[in-house]
Amino acid sequence: MSQLSPVLPSVTPATAFNPTQFDTYVMATYGRFPIALVRGEGCRVWDSEGRSYLDFVSGIATCTLGHAHPAMVKAITGQIQRLHHVSNLYYIPEQGALAQWLVEHSCADRAFFCNSGAEANEGAIKLARKYAHLHRGIEQPVILTAHASFHGRTLATITATGQPKYQKHFAPLVPGFHYIPYNDIDALRQAVADLDGSTPHIAAILLEPLQGEGGVRPGERHYFQQVRQLCDDTGILLILDEVQVGMGRTGRLWGYEQLGIEPDLLTSAKGLGGGIPIGAMLCQRHCDVLQPGDHASTFGGNPLACGVALQVCHTLETDDLVANAQYRGEQLRQGLSDLAWRFPHLIADVRGWGLINGLELTADTAVRAIDVVKAAMAAGLLVVPAGAKVVRLVPPLIVTAPAIEEALARLSQALSQVATAGGASAEAGKG
Ligand SMILES: *Cc1c(COP(=O)(O)O)cnc(C)c1O
């Protein structure tokens with residue numbers, strides 16, 4: 001802040017937090033926790049009161065390299081001094097370099113860049129529809145998505161999202177979506193038989209390799225392999241939403257590597273820019289059907305976002321962070337399983353891949369995920385709910401072994417606290 005004050009003396013530093021100002025002028029679209037984070041370093045963040053927290057949220061699985069990582073600071077300052085935005089009217093070298101890195105490190109052949117996960121999925125939906133019209137003569141294409149999925153908050157992506165709570169009050173939704181249970185091959189075969197009976201209608205199947213928002217539910221290998229086979233047999237495109245699990249979070253670069261299959265299209269966003277907004281849709285050559293004028297984004301793929309994302313990609317490689325995600329993830333799950341032993345009345349399940357993990361609370365406890373999240377925050381640990389009964393832990397991929405131990409100690413403290421309070425409220429509930 002000090003270097004800004006001579007230039008803008010009348011501007012209140014953003015670090016001086018004013019909750020009344022915030023609530024007066026900002027739409028109330030989020031249920032916020034009553035703290036304001038103003039500084040971060042590595043896996044740690046500080047609030048406006050000077051309290052520090054271990055950050056196992058990472059801006060919802062986005063801050064791949066944690067906070068104030070020297071490689072990001074260098075990439076951002078260098079890029080903003082050189083050139084930050086020009087539009088896609090012109091070639092952008094950083095975009096070409098990032099596309100090459102992503103293509104060389106995935107099953108895809110081409111990339112399109114946008115600014116968010118929802119926008120990446122919108123692009124994939126448009127591409128799949130065009131492919132169906134062009135190559136399969138489908139006039140009213142349908143996309144299958146899973147119950148409990150999450151694909152974003154635009155109209156098409158809330159429609160794709162198989163959770164009514166995100167769709168309530170926003171009708172009419174977008175036509176052309178149909179829902180199936182996740183990890184259930186018989187249900188998928190039935191839906192295909194019903195919808196594609198005499199003439200084909202199904203353009204694509206859109207799935208998360210692991211359902212993040214829907215409760216940290218990993219996909220099953222056997223299921224996904226059969227989905228892949230079904231797509232190969234029918235010409236239906238397989239789209240994987242890697243927005244939350246891609247970019248090394250699962251201990252593999254892409255979630256699909258956990259499943260032993262390759263999608264026709266995949267989308268990425270959250271971790272791609274390390275916290276700088278960027279999204280990408282990647283496709284294999286055979287479904288690369290978008291032509292000039294079909295799809296666009298003013299900000300998409302600008303030099304700043306692509307330059308930083310490329311630095312995130314290079315740092316993943318040079319610092320071996322995908323392997324770190326795998327090993328630290330094993331350590332974290334071991335610790336969470338120990339907690340499950342100690343709190344059997346509270347914890348029903350521990351699951352996840354790499355550094356995306358969920359702690360599911362038992363059905364018979366009155367304790368909700370939000371109660372654990374609040375208690376953890378009081379104990380100096382940030383974690384985030386994934387639905388009513390699952391606590392999600394998604395630390396930066398740079399997380400160290402001592403930081404995992406510290407997080408487990410703080411979570412243990414939080415669980416002891418809610419176990420006492422939750423037990424009392426469950427008793428009270430009976431009376
Ligand atoms: C977060 C998320 C999205 C939406 O991304 P936004 O950047 O918020 O638009 C889509 N799909 C999945 C799997 C996500 O986790």
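**A walk through the model**

Pro 172 sits in the loop that runs between helix 6 (155–160) and strand 6 (177–180). The structure is a predicted model. The peptide bond that joins Ala 171 and Pro 172 is cis, with omega about 0°.

Two other loops hold residues with a backbone angle worth noting. Ser 87 belongs to the loop between helix 3 (70–82) and helix 4 (93–104). Its phi is near 85°, which is positive although Ser 87 is a residue other than glycine. Buried means under 20% relative accessible area, and Ser 87, with a relative accessible area of 15%, is therefore buried. Val 216 is placed in the loop between strand 8 (210–211) and strand 9 (217–218). Val 216 is not a glycine either, yet its phi is positive, at about 50°. With a relative accessibility of 0%, Val 216 counts as buried.

Next comes the ligand. Which residues are around the ligand? They are Ser 116, Gly 117, Ala 118, Asn 121, Phe 150, His 151, Gly 152, Glu 208, Asp 241, Val 243, Gln 244 and Lys 270. By type, this shell consists of three nonpolar, six polar and three charged residues. Helix 5 (residues 117–136) contributes the most to the shell, with three residues.

Some of the distances between the ligand and the protein can be given. A polar backbone atom of Gly 117 is 2.8 Å from an oxygen atom of the ligand. For a polar backbone atom of Ala 118, the distance to an oxygen atom of the ligand is 2.7 Å. The side chain of Lys 270 has an N or O atom 2.6 Å from an oxygen atom of the ligand. The ligand taken alone exposes 380 Å², and the protein buries 81% of that.

Strand 10 covers residues 237–241, and five of its five residues are buried, so the strand is largely enclosed by the rest of the structure. Leu 237, Ile 239 and Asp 241 point one way from strand 10, while Leu 238 and Leu 240 point the other way. Strand 10 is joined to strand 7 (residues 202–207) by four bridges, and the two run parallel. In this pair, Ile 205 has Leu 238 of strand 10 as its bridge partner. Strand 10 also pairs with strand 11 (residues 265–268), again in the parallel sense, over three bridges.

Strand 13 (residues 347–353) runs antiparallel to strand 14, and six bridges join them. One of the pairs is Ile 347 with its bridge partner Leu 361 in strand 14. Strand 13 and strand 14 form a hairpin, with two residues between them. In the turn, Gly 354 has a positive phi of about 50°. Strand 14 also pairs with strand 17 (residues 390–393), in the antiparallel sense, over four bridges. In that pairing, Leu 359 stands opposite Val 391 of strand 17.

Trp 46 has Ser 52 in strand 3 as its bridge partner.

The last stop is Ser 58, which is found in helix 2 (residues 58–61). Is Ser 58 buried or exposed? Ser 58 counts as buried, because its relative accessibility is 0%. Leaving out residues up to four places away in sequence, Ser 58 touches Cys 63, Arg 249, Val 394, Pro 395 and Pro 396.

Conventions:
Residues are numbered from 1 along each chain as its sequence is written. This is a predicted model: local features need pLDDT of at least 70, side-chain atom pairs count only at pLDDT 80 or more; totals for chains, interfaces and linings use all residues. Side-chain values use heavy atoms; hydrogens and water are left out. A residue is near a molecule or strand if one of its heavy atoms lies within 4 Å of it. A polar contact is a pair of N or O atoms within 3.5 Å; within protein, one must be able to donate a hydrogen and the other to accept it, and residues adjacent in sequence count only if both atoms are side-chain atoms. Accessible areas come from the Shrake-Rupley method with a 1.4 Å probe; for residues, only the protein chains shown count as cover. Ala, Val, Leu, Ile, Met, Phe, Trp, Tyr, Cys and Pro count as nonpolar, Asp, Glu, Lys and Arg as charged, and the others, Gly among them, as polar. Two strands pair if DSSP finds at least two bridges between them. Buried means under 20% relative accessible area, exposed over 50%, partly exposed in between (1.4 Å probe, protein chains only). Contact means heavy atoms within 4.5 Å.
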